[in-house]
Amino acid sequence: MKCPKCQNMDTKVIDSRIVEDWQVIRRRRECEFCNHRFTTFEKRWITELTIIKSDWTKQMYDRQKIKRWLMLAFAKRKIDNEMMENIINNLEIKRQNEWNEIQSKKIWDDILQELKKTDPVAFVRFASVYKSFESLEDFKNFIW
Ligand SMILES: [Zn+2]
C-alpha cells in the first residue's frame with residue numbers, strides 16, 4: 001500500500017482490528033520512509049452481487065443507483081453525504097455474506113428499514129417510490 005504523503009511503496013501494518021460485526025478489517029499502516037500513519041479498510045467487494053428483479057431479469061448491484069433513490073427520498077430533508085454513505089454502508093454490510101445473487105425486494109426492504117431508523121418522512125416518501133416497483137397489494141401489505 002503506497003504512502004499517501006510521500007508515495008513510497010513500503011508501508012508496514014502496525015495494527016489490525018476487525019470492526020463492524022466481523023465484516024471489515026481496519027489496518028493502521030506506517031510509511032517506512034516518512035513515518036506517516038494512515039488507515040485502510042478491507043471488505044468484501046459487494047458490487048459483485050447480482051440483483052434478481054421481480055420479473056426475474058438480472059442486474060449488477062449498483063451503489064450509485066441506491067444513492068440516487070436515497071437522494072429522492074431525502075429531497076429537502078436534513079441529510080449530509082456522510083449520513084447517506086453510512087446508510088448504504090449499513091445495507092452493504094448486511095448483505096455481504098449473501099450468495100452471489102439476491103432478490104431486489106430484499107434490497108428495497110433493507111433501505112426501508114434503514115430509513116425508518118433515520119428519518120420517518122424520508123421513509124414514507126421512499127415507500128411511495130417503492131410502490132411503483134411492486135404490486136399495489138404488496139405495497140399495502142408493507143405499509144400496514
Ligand atoms: Zn511516506
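Mentor: The crossing of α1 and α2 is right-handed. A crossing is right-handed if the near helix is turned clockwise from the far one by less than a right angle, and left-handed if anticlockwise. This is a predicted model: local features need pLDDT of at least 70, side-chain atom pairs count only at pLDDT 80 or more, and totals for chains, interfaces and linings use all residues. Residues are numbered from 1 along each chain as its sequence is written.

Trainee: At what angle do the axes of α1 and α2 cross?
Mentor: Roughly 130 degrees, and the axes come within 10 Å. Helix α1 is residues 63-73 and helix α2 is residues 81-94. Helices are DSSP runs (H or I, at least four residues), strands too (E, at least two), numbered from the N terminus. Axes are lines fitted to C-alpha atoms, for helices over the stretch in contact, with angles from 0 to 180 degrees between N-to-C directions. So α1 and α2 are oblique to each other. Under 35 degrees counts as roughly parallel, over 145 as roughly antiparallel, 65 to 115 as roughly perpendicular, and the rest as oblique.

Trainee: Which residues of α1 and α2 meet?
Mentor: From α1, Arg-63, Ile-66, Lys-67 and Leu-70; from α2, Met-84, Ile-87, Ile-88 and Leu-91. Contact is C-beta atoms, placed from the backbone, within 7 Å. By class, there are six nonpolar, no polar and two charged residues. Nonpolar is Ala, Val, Leu, Ile, Met, Phe, Trp, Tyr, Cys and Pro; charged is Asp, Glu, Lys and Arg; the others, Gly among them, are polar.

Trainee: And what is the angle between α2 and α3?
Mentor: About 135 degrees, with the axes 10 Å apart. Helix α3 is residues 104-118. That makes α2 oblique to α3. Ile-87, Asn-90, Leu-91 and Lys-94 of α2 touch Asp-110, Ile-111, Glu-114 and Thr-118 of α3. That contact splits into three nonpolar, two polar and three charged.

Trainee: New topic. Is Ala-73 buried or exposed?
Mentor: Buried, with 26 other C-beta atoms within 10 Å. The cut-offs are 20 or more for buried, 12 or fewer for exposed, and partly exposed in between, with C-beta atoms placed from the backbone. Ala-73 sits in α1. Its C-alpha is 9.6 Å from that of Asp-119, 46 residues apart along the chain.

Trainee: Where is confidence lowest?
Mentor: In helix α5, residues 136-143, with a mean pLDDT of 48. That score is the predictor's confidence in each residue, from 0 to 100. Strand β2, residues 24-31, is highest at 88. Where pLDDT is low, the predicted coordinates should not be read in detail.

Terms used
Two residues are in contact if their C-beta atoms, placed from the backbone, lie within 7 Å.
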